[in-house]
Amino acid sequence: MVALGAAWRAGAYAWTPQRRLEYANDLDVLLAVDKQTNQDKGSRTADKWRPPRRAYWCEYARRYTGIKAEYGLSVTEPEKRALQEMLADCPQ
């Protein structure tokens, strides 16, 4: 969901090695996808990449924001706007 590179740029650089390992192995952070989708996303943040299936935007944005909050990772303004756009039409 929030790639290791994106997490690093958002504050993971300051974590202990143990915390980084926990993050890298957290099943809530990991998501199995096909090779092409994984390559397309890379370490891009929510403002630079969205899931190809619009129907998945709500789940993606909810999980993404939850991970950022749980791990105390920063969110840029463009990232915040993109997440708000994806969440705008989600059912409550």
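Predicted model: local features only at pLDDT ≥ 70, side-chain atom pairs only at ≥ 80, totals over all residues.
Let's start with the aromatic side chains. Searching the whole structure turns up six aromatic pairs. One of them joins Trp49 and Tyr60: their ring centres sit 5.6 Å apart, and the planes make an angle of 75°. That pair is edge-to-face, because planes over 60 degrees apart get that label.

Where do Trp49 and Tyr60 sit in the chain? Trp49 belongs to the loop between α3 (35-41) and α4 (57-70), while Tyr60 is in helix α4. Eleven residues separate the two, and their pairing links distant parts of the chain. Are Trp49 and Tyr60 buried or exposed? Both of them are buried.

There's a group of rings to look for as well: Trp15, Tyr23 and Tyr71 come together as one aromatic cluster.

## Arginines over rings

Next, check out what lies over the tryptophan faces. Trp15, a member of that aromatic cluster, has Arg19 over its face, at 5.6 Å from the ring centre.

Trp57 has an arginine over its face too: this one is Arg50, and here the distance to the ring centre is 4.8 Å.

## The buried face of α5

Now for helix α5, which covers residues 77-87. Its buried residues are Glu79, Ala82, Leu83 and Met86.

Technical notes:
Residues numbered from 1 in each chain as written. Heavy atoms only, no water. Phe/Tyr/Trp six-rings, centres within 6.5 Å; stacked < 30°, edge-to-face > 60°. Helix = DSSP H or I, 4+ residues; strand = E, 2+ residues; numbered from the N terminus. Buried < 20%, exposed > 50% of the residue type's maximum accessible area, 1.4 Å probe, protein only. Lys NZ or Arg CZ within 6 Å of the ring centre and 35° of its normal.
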